[in-house]
Amino acid sequence: MKNAIAIAAVAGIASAATAQSISVTAAPSTINPGESYTVTITADSTGVAPSGANGVAFAGFGLTISVDNGTIGLADGDTSSLNSSYLLGGDVSANGDGSFEIVGGQAANLFGLLNPGIDLSTSVQIISFEVTGAAEGLSTVSVVTGEGRAFGAAWFPDSQAGASVELQVSESATVEIVPTPAAVGLLGLGGLVAARRRR
């Protein structure tokens with residue numbers, strides 16, 4: 001019972017002292033139809049670790065990625081775009097409707113020995129991939145928590161079970177698709193021809 005209370009207390013401290021978030025960015029902000037833009041999904045953890053904690057991990061995540069007015073440049077099973085520093089690995093799978101599910105283990109720097117290249121004082125990149133824009137208008141990439149999953153930030157104290165904070169995710173990024181100057185010129189030329197024919 002005492003252990004359960006201690007774990008609950010650490011979990012409460014972790015919740016209060018830290019903030020976890022997912023960020024989705026897309027660049028460039030404007031493209032032409034058929035061109036591509038890069039989407040990057042990162043995780044952030046800020047604040048003070050619970051007393052006795054010696055590491056933190058983004059653990060057990062599952063995210064669904066979809067796009068309006070475009071095509072995601074991921075291949076089913078291709079994990080090359082995932083952060084290669086994950087403990088326990090990760091997976092990318094197509095849902096058959098143009099969207100993708102990504103799942104992963106832990107992005108962590110535990111005990112200063114495992115994944116030493118990850119510095120959780122800065123954002124940790126989860127995945128980066130290309131999206132090809134379709135028709136003129138807006139192309140929006142949406143990232144939500146996978147069905148039945150949560151994105152966790154887990155602390156790993158020295159002497160007790162890790163306490164985790166679960167995060168439900170719903171983030172997006174939008175890019176504007178505009179016609180090329182040549183296409184606009186052709187449209188204008190077509191309008192002049194049509195006007196001349198009416199005369």
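Two strands are taken to pair if DSSP finds at least two bridges between them. Helices (H or I, at least four residues) and strands (E, at least two) are DSSP runs, numbered from the N terminus. The structure is a predicted model, in which local features need pLDDT of at least 70 and side-chain atom pairs count only at pLDDT 80 or more, whereas totals for chains, interfaces and linings use all residues. Residues are numbered from 1 along each chain as its sequence is written, and side-chain values use heavy atoms, with hydrogens and water left out.

**Figure 1. Overview of the protein chain and its confidence.** The protein chain contains two helices and 13 strands. Of its 199 residues, 37% are buried; buried means under 20% relative accessible area, exposed over 50%, and partly exposed in between (1.4 Å probe, protein chains only). Contacts (heavy atoms within 4.5 Å) between residues at least 6 apart in sequence join residues at least 24 apart in 74% of cases. The pLDDT, which is the predictor's confidence in each residue from 0 to 100, averages 74 over the protein chain, and 54% of the residues score at least 70. Residues 1–17 have a pLDDT below 50, and this stretch has 16 contacts in the model beyond near neighbours in sequence. Residues 157–163 also stay under 50, with 17 contacts beyond four places in sequence.

Figure 2. S5 and S10 run antiparallel and are joined by six bridges. Within this pair, serine 66 stands opposite serine 142 of S10. Five of the seven residues of S5 are buried, and the strand is mostly covered. S10 also pairs with S13 in the antiparallel sense, over eight bridges. Here valine 141 has alanine 173 of S13 as its bridge partner. Leaving out residues up to four places away in sequence, valine 141 touches residues including Ile65, Ser66, Val67 and Ala173. Threonine 30 stands opposite glutamate 176 of S13.

Figure 3. A nonpolar core is a set of buried Ala, Val, Leu, Ile, Met, Phe, Trp, Tyr and Cys residues joined through side-chain atoms within 4.5 Å. The largest one has 27 residues, of which Ile41, Ile102, Ile126, Ile127, Phe129 and Val141 touch the most other members. Two or more residues each come from S1 (18–27), S3, S5 (62–68), S8, S9 (124–133), S10 (137–145) and S13 (170–177). In soluble globular proteins, nonpolar side chains tend to be buried together. Valine 39 lies in S3 (residues 36–47) and is buried, with a relative accessible area of 0%. Beyond four places in sequence, the contacts of valine 39 include Ile127, Phe129 and Val141. Threonine 25 is 14 residues from valine 39 in sequence, with a C-alpha to C-alpha separation of 5.6 Å.

Figure 4. Glutamate 101 is found in S8 (residues 100–108). Its relative accessible area is 14%, so glutamate 101 counts as buried. The side chains of glutamate 101 and threonine 64 make a polar contact at 2.6 Å. Asparagine 83 is placed in the loop between S6 and S7 (87–94). A polar atom of the asparagine 83 side chain lies 2.6 Å from the backbone oxygen of glutamine 125. Not counting residues up to four places away in sequence, asparagine 83 touches Val124, Gln125 and Ile126.

Figure 5. Most residues other than glycine have a negative phi, and most peptide bonds are trans. Alanine 27 and proline 28 are joined by a cis peptide bond, with omega about 0°. Proline 28 lies in the loop between S1 and S2 (30–31). Asparagine 69, although not a glycine, has a positive phi of about 60°. The loop between S5 and S6 (70–72) holds asparagine 69. Asparagine 69 is partly exposed because its relative accessibility is 24%.

Key. A polar contact is a pair of N or O atoms within 3.5 Å; within protein, one must be able to donate a hydrogen and the other to accept it, and residues adjacent in sequence count only if both atoms are side-chain atoms.
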